[in-house]
Amino acid sequence: MKTRVVHTRFWEDDTVAKLTREAKLLFIYLFTNSRINQIGIYELSDRIIEFETMLTHEELLKAK
């Protein structure tokens with residue numbers, strides 16, 4: 001199992017605080033999902049992101 005460190009002050013970061021709810025979810029999802037490789041490259045479709053985050057297609061596009 002791969003692990004990632006998410007600092008507890010993540011939510012206090014000015015950039016994160018300014019994001020929409022959907023963008024925050026997408027950000028943390030991209031940071032923590034299992035499909036990222038060691039150098040940060042994804043092979044991941046929007047359909048998978050939508051299924052796993054329960055974001056609609058429109059919400060995902062807006063969050064991107």
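Me: Starting with Phe27: buried, exposed or partly exposed?
Reply: Phe27 is partly exposed, at 41% relative accessible area. Buried means under 20%, exposed over 50%, and partly exposed in between, using a 1.4 Å probe and protein chains only.

Me: What kind of model is this?
Reply: It is a predicted model, where local features need pLDDT of at least 70, side-chain atom pairs count only at pLDDT 80 or more, and totals for chains, interfaces and linings use all residues. Residues are numbered from 1 along each chain as its sequence is written, and side-chain values use heavy atoms, leaving out hydrogens and water.

Me: How many aromatic pairs are there?
Reply: Two. Rings of Phe, Tyr and Trp (its six-membered ring) pair if their centres lie within 6.5 Å; planes under 30 degrees apart are stacked, over 60 edge-to-face, the rest tilted. Phe10 and Trp11 are edge-to-face, 4.7 Å centre to centre with 85° between the planes. Phe10 and Phe27 are tilted, at 5.5 Å and 35°.

Me: Where do Phe10 and Phe27 lie?
Reply: Phe10 lies in the segment before helix 1 (14–17) and Phe27 in helix 2, so the pair ties together parts 17 residues apart in sequence. Helices here are DSSP runs of H or I, at least four residues, numbered from the N terminus. Phe10 is buried, at 11% relative accessibility.

Me: New topic. Which residues make up the largest nonpolar core?
Reply: Eight residues: Ala23, Leu26, Tyr29, Leu44, Ile49, Leu55, Leu60 and Ala63. Such a core is a set of buried Ala, Val, Leu, Ile, Met, Phe, Trp, Tyr and Cys residues joined through side-chain atoms within 4.5 Å.

Me: Which element gives the most to this core?
Reply: Helix 2, with three residues.

Me: And what does Leu60 touch?
Reply: Leu26, Asp46, Ile49, Glu50 and Leu55, not counting residues up to four places away in sequence. Contact means heavy atoms within 4.5 Å.

Me: How many salt bridges does the structure hold?
Reply: Four. Each has a side-chain nitrogen of Lys or Arg within 4 Å of a carboxyl oxygen of Asp or Glu. Among them is Arg35 with Glu52, the closest N and O atoms being 2.9 Å apart. Arg35 lies in the loop between helix 2 and helix 3 (46–53), and Glu52 in helix 3.

Me: What about Asp46 and Lys64?
Reply: Their side chains meet in a salt bridge, 2.7 Å from N to O. This pair links distant parts of the chain: Asp46 is in helix 3 and Lys64 in the segment after helix 4, 18 residues apart. Asp46 is partly exposed at 24%, while Lys64 is exposed at 58%.

Technical notes:
Helices (H or I, at least four residues) and strands (E, at least two) are DSSP runs, numbered from the N terminus.
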